Structures are given as structure tokens and as C-alpha cells.
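Please open the structure in a viewer and keep the selection tool at hand.

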Amino acid sequence: MQYGYFDNKNKEYVITRPDTPLPWINYLSNGKYCAMVSNTGGGYSFYIDPRDQRILRYRYNNLPIDRPGRYIYIRDNQTSEYWTPTWQPVIKKLDNYECRHGLGYTKISSSYKGVKAKILYFVPLEDNLEIWSLTLQNNSSGKKELGIFSYAEFCLWSAIADQRDLQYIQNVAVAKYDHIVNAIFYHLFDLSSYIAFFASNGKVIGYDCDRESFIGLYRSEENPVSVENGKCKNSQALGGNPIAATYNSMTLNPHETKRIVFILGIVKEKSQAKQLIHKYKKFDNVEIEFLKLKETWDNYLKKNIVETPDEDFNSIINIWNPYQCKTTFDWARYVSFYETGIGRGIGFRDSNQDTLAVCHSLPKLVRKRLLELAKIQFEDGKVYHIYFPLTGKGDYPDYVNPRMKFFSDDHLWMIYAVSNYLKETGDWSILKHEVDYVEGSKDSLYDHLKRAIEFTINHIGPHGFPLIGTADWNDTLQLHGPNQNGESVMVAMQFHKALSDISNIANELNFKADVEKYNNLAKKIKDHINKYAWDGQWYIRAYTDDGEVIGSKSNEEGKIFLNTQSWAVFSKVAPVDRSFQCMDSVRKYLVTKFGIKLLYPPYTRFYPKLKGISTFPPGLKENASIFCHSNPWAEIAECILGRGDIAYEYFKKIAPTSKNKIAEIHQTEPYIYSQMITGNDHPKFGAAKNSWLTGTASWTMKAATDWILGIRSDFHGLKINPCIPKKWDKFRVTRYFRNAIYDIQVQNPEHRSKGIKLVKVDNIIQENNLLPVFKDGKKYDVKVLMG
């Protein structure tokens, strides 16, 4: 069943029916103010921090789903009938309905009994507020007397207290209508919070600031008593549940169109709100800000444009994947319709990975982020697992092992991210930047990277592999026990790549002693992995606290894990023969029609030695689901092996566009990657969960652009080394790189997956496949002949 389609010309996904299997959402954000909105108007807003500065309330995992939201009720005052153009919450059958999720905006339009309504939601680039722009058109032959009711339910700022401490928090909230400014203001009684405001450019006839006054007792958003009666009670909230509800009237003659703008925002002082309300009451200013938003997204996307024979691939890589990458860069795994934003901050591991795919478009923001992240590193080289953007402070999750407060992989991701930044920008000054440690001392960023290496060196287990600590990349693989001896082979492979990366950085800096040290360590760890972690057809995954091997043919369950196969190739640990063997084993045991499973066979009971991973039913989460984040690593591995058809097959299996026609099975948005897809050991095989905020976005972008298309940055230029489907005749990429534009046209007349015969830049034959760096802002014509 299909619920919508891609409108690539307008860069929109169009939803044609409101009853999607799950709420299909969009992020409207300027990097500080964020509004999440679903295809039926549900969702919530926050400012910088969704835990401590939540503006609108949202009821997770509740019935009815996806409530409350940003609602506009339309009432026919001649018949007393009312509806919502967003379908929810009244859920009246509309004559037609359409939702267009665009880049940073959402448009929902519908018609009911001759009245056509269109709502545009967006967040301006520079002002911390959201716009609801309503356009109404009377398509009937008679006059329409309409009542327009708005509704937004405020959260009590602290999302935790809002759900847990009602006896206190519901007695300190204040919401009142200011008749001078003509706006509703909401704040805490002691004025310790920010001030939220809600206004419109229409004449407000009535208002309600108290939820129970507007909704009524034993009712819901579906049938508010104020809408039913056609008037508000002009209530205020002194404690209780504060809301912003206003009432405007509108007369529409036949075929007449009118507009009204609603403004919801956050300020420190009322005077600031007055200025913003004055600005956005003018329709022209709303239009100007909307056009600025669209232009900004166009400028972001144009830094990497692809033209291939596969239109679905083009749609993903040109529009939706980079759009998701920017969203994950802004919010990591902090807050979504699945992550409440209450229990965790922004992940250190996550944020480093999220920089990888936006570095070419947002180098200044990536630089700033990398330096921020380095501040939550300790002097011994480990890092906090999470940090909070409002304070810049770090912390650990509740499940951290109190005796081994570290995740064995976290600190290593910083090395990959900094290496990627250096290759993309050539900005070597970042390495000299002095950055605090948690304890207060300072060091250069380069020395921060060195300390990350030292931490792993100093935390090696009895089998010669890195101690896993609380966990590694797989947060649920919790092998710590009384001996604190759990070990991760995956982290050993990651350590090898980190050593290679920092050695290459040191070589560019001419730090010869460091180069020699890290190269020797890399060889040692590589030899050790191949001697002790090879299981005959694949690499093992880990050792438990008491020394039991995990991910071996000797195990009854969890015999083979995906990540130690893909990373064996990606990290260049595996020799050529074993590279093919282990990836062939992946294909034999882990590949399904919807993607590659994390392990096989799944765990069918709880194992105290493994803890979290064995708490999930087979086929869910880390217990043999298709964990999408890890699939791009397999794509990269296959590209390294030169098997372009297999790499592309894996890319297509998890591609959102491939789910559009099976939306009732896939369930989450068909324009965005999800964290996981239920594996084939589960009765709901193919159902996705946790969309939007996932490392899948960044790594898929890297797999597609750097490895399948094969255009990746290096210290001294752009390296061209495609690994494409053999059936492709050609492809083209426009790539911005260090203040120059490369128009790269690749021809594949022999229908090969890999191999380059010739490279020309402005008709000059190049010695190799490394395009030189140009810093003159000009466009260069690059011709590549495969063969």
C-alpha cells in the first residue's frame, strides 16, 4: 500500500492520506529552535535543549497516538460543524487531504464542504519561533461565516518534571492574555524560565489559557467545548495546564481567499516578543523568511549533486539523505518521536559520526562541534558518553558500569571525525587549538587525539583485545562482570583504523616519532587479530568477562556478527583472502530481502553474561534485527573488494525509497532512514523503528558518495575510485571542495564495477586518480574513463 510519493522537482515528499502507519514527521529547525511536526499536525517544540527547555507538550506512546500538536479548528458558524485541516485531532473525513514535507517546512492542505485550507509550518532562520500560516479559500457558491480556533499545549519547561512532578510543576505555571500586545504569554510564576508567546495577525475575539476551560472535562482535543460552543471563555492559567488557544472570525464570500498567521516563540523579555510579533504580522515578512529558508537549503544541497541512471539513488543522495544528515548533526540521538529528550543528551560517539557527512557543506559548524566534543574528554583519554548542549557538560547513562565508566569505542570516533575534517578542509590549524579536559587542564586537539590512543593502549584485556568497559558500539553488548575482563574485537579493528588515521595525520605534520609508534602499534594489533580472532570463515566478535568467545562457530546462538566482518575489511585488518571469506559469510548467513542482520542466529533466551543484547525478542534491536547503521559498513567493505553490484544491492535494500510501495509493512517514513528494521526471525519482518536520528544517515551518505561513486576527500585532493553497478554506463557529480567546484563526469563503456583508465582535468591528463586542490573559486571540468 502506498501513502505518498516523491516530488523531486519541489524537493518534497507528498503524503496523500492522513492515516499513515505511524506519524510521518518533519524537523523544522534553525539549529536552536526546533519544531517537530507530523503529517497530521502532531508534535512538539523546544529551544536548544528538549529536556530543560521544552515549549510544547507531547504524550509519547499514548492513545490516541500523535497528540497533542499544532492545531487549527475551523468552525462553520452557520451550521456549528467543525473540523481540522490536519485531519487530527477531530478526525473528520475530509473531501481531500495532502501533506507536503519539504526541507525545513511542512504544508498541510485539505478541503471540507467547500472550504479549502492550507497551513504552512516553518521556523525562520534567525528568529526563535515557528510560523503557522493559514490560507482559507471559499470554493462554494455561498458565503461562509467561519470561526478559527488555534490550539497549542505548553509543556512545563522541564520535560522530566512535566511527566513526573505534577504536584509541584502544575502549581507554578502562568499563562495570560496580554491585551496590549495581543498575545498569550506563558512562563513560570517566579520568572526563572524563558517566556513563550503566541499571537496572530488576526483580530482575536476570544482566548483560553487553561486547558480544561478550552477542552472541557472528560473530553479531548477531538471535541473541545470552546469550539463546540463557538466561543472561548477568556480563561487564564495560574497553575494547571497552560495552553494557547485563540478565536478569530472570518467571513469568506464565494471564491474569496484570506490568510491569517499564527506565531509561537520563545524570548527572554516580553519586549522581544513584541518586536517579533510586529515583524511576522506582516504577510510580506513571512514570505521573505520562507524564501530565505528555501534558499539556505538549496545552498546546502548544491555542494554535492549526483546524476546517475537510478532516479531513486539521485533522490536519496541529492535531497533526503543530506537533509537527514543535517538533522542528525543538529540533534544526534537526543530527541525525536521515539527519543523523548528526557533521559539522555547528545552522544559523543553519535555526534562525531554525524559530522562525517556534513563536513563538505558545513565546515565551520563541524569545526566548532569537534572542539566542543573534545572538552568532554578526560586527561586519561576516555570521554563522557553523552553531553548536554545547554551546559556543555558531559555525563554517563544510567546503565553505565560503575566500576568501568567508559565505552570502549567512544574516544576513537573523535580521531576518525578529525581526520575526515582535515581531509575535507585542509584546516590544519584545528590541531593546534587548545581545548580543556574535564579536569580543567588544557592541551592541543592533536594531543587530545593522542590521549585517546593511549586510553585504549592502557585498557587491554587478557586475550590482547581492548577491554569493552560498559559496552562498545553495540550498547547492549554488556560483557562486564566481576572480573571486568570483557573484550571487544570490533574495537580492536576500530583501534587499528584509528592508529592508521592518526599515523597519517602525524606524517602530514612530520612528527616522525609518532608515525613510527602508531604504525608499529597498528601492525601489532593487526597481527594479533588475525592470529587470535579468525574463526575459520569469519572473525569472532568478543570475549565475555570469564573468557567465553562470542561470535564463533562454537556458539549455539550468535555465531556470526556483521560488524567484525565489515570492519575487518574497512579497517584493513583482514588480508585479501579473509576479506572475501568473511564478507561471503555475511552474504550466506546475514543478508535478507530488507537488509543485513546484525547477527545470526538470534538469542532465544536471556544470557546473564551478555546482558542487554539478549533481552530483546529475536529480530528486534541488536538481537538480529537489520540494524541499518551497520549496513553501510558492509557496503563500504564490498566496494573495497571491488564488488560494486553487491555493494549497490545492499544500498538498495535499506534505501527508504524502496519502502514506499510497502509502507504498511515498513511503517516509518519512506523518505528517511530508520535505526532498525525488524529481522526475519520476527513475525513483523520488515517493520522499521526509530526513524530520523540514526548514524545510518551519515554512514549511508559516506558509503554512497565516497565509496560507491568513489569521490572522497584526501589530504592533498579529491580521490576518484568508483565502485558502481556494472550496468551503469555513466554518472556525473558536481562536488564543491575547498573553494572550487569539480564537475566530474565518469564514463563506463566496458561496464566494469571498478578500475580507472584515464583522468582529465580541463582536458589535461592527470598522472593518477587524485584530483589536485584548487582554491580559486573556479569550476573545473573532470573527465574519468573507467576500464
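Which residues lie nearest the centre of the largest pocket, and how many residues line it? Before answering, please note that this is a predicted model.

**The largest pocket**

Select Asn-30, Gly-31, Lys-32, Asp-330 and Leu-365: these lie nearest the centre of the largest pocket, whose lining comprises 29 residues. The space within this pocket amounts to about 960 Å³. Next, colour β3 (25–29), α6, α7 and α9 (363–374), the elements that each give two or more residues to the lining. Helix α7 provides the largest share of the lining, 6 residues.

**Helix α6**

Proceed to helix α6, which spans residues 283–301, and select Lys-294 within it. Is Lys-294 buried, partly exposed or exposed? Its relative accessibility is 30%, so Lys-294 counts as partly exposed.

**Aromatic pairs**

The structure holds 63 aromatic pairs. One of them joins Tyr-13 and Tyr-671 in a tilted arrangement, with 5.0 Å from centre to centre and 35 degrees between the planes. Tyr-13 belongs to strand β2 (residues 12–15) and Tyr-671 to the loop between α18 (663–666) and β35 (674–677), so this pair ties together parts that are 658 residues apart in sequence. Both Tyr-13 and Tyr-671 are buried.

Phe-313 is buried, with a relative accessible area of 0%, and Trp-728 counts as buried at 2%.

**Charges over rings**

Two lysines deserve a separate selection. The charged end of Lys-270 sits over the ring of Phe-185, at 4.6 Å from the ring centre. Lys-423 lies over the face of Phe-715, 5.4 Å from the centre of that ring.

**The nonpolar cores**

Which residues have the most contacts inside the largest nonpolar core? They are Leu-136 and Phe-651, in a core of 237 residues. Helix α12 (residues 489–508) gives the largest share of this core, 11 residues. With Leu-136 selected, display its contacts beyond four places in sequence, among them Ile-74, Val-115, Leu-146, Met-250 and Leu-252. Another core, of 13 residues, lies apart from the largest one; its residues include Tyr-82, Val-90, Phe-149 and Ile-243.

**Helix α10**

The last stop is Ala-417, placed in helix α10 (residues 410–425). Ala-417 is buried, with a relative accessible area of 1%. Leaving out residues up to four places away in sequence, Ala-417 touches Asn-352, Thr-355, Leu-356 and Leu-370. Finally, select Val-366: its C-alpha atom is separated by 9.3 Å from that of Ala-417, and the two residues are 51 residues apart along the chain.

Conventions: Residues numbered from 1 in each chain as written. Predicted model: local features only at pLDDT ≥ 70, side-chain atom pairs only at ≥ 80, totals over all residues. Heavy atoms only, no water. Helix = DSSP H or I, 4+ residues; strand = E, 2+ residues; numbered from the N terminus. Buried < 20%, exposed > 50% of the residue type's maximum accessible area, 1.4 Å probe, protein only. Phe/Tyr/Trp six-rings, centres within 6.5 Å; stacked < 30°, edge-to-face > 60°. Lys NZ or Arg CZ within 6 Å of the ring centre and 35° of its normal. Core = buried A, V, L, I, M, F, W, Y, C linked by side-chain atoms within 4.5 Å. Contact = heavy atoms within 4.5 Å. 1 Å grid on protein atoms, 1.4 Å probe; cavity = no way out; pocket = protein on both sides within 12 Å on 5 of 7 lines; lining within 4 Å. Points joined across faces, edges and corners; volume = space filled by probe spheres on them.
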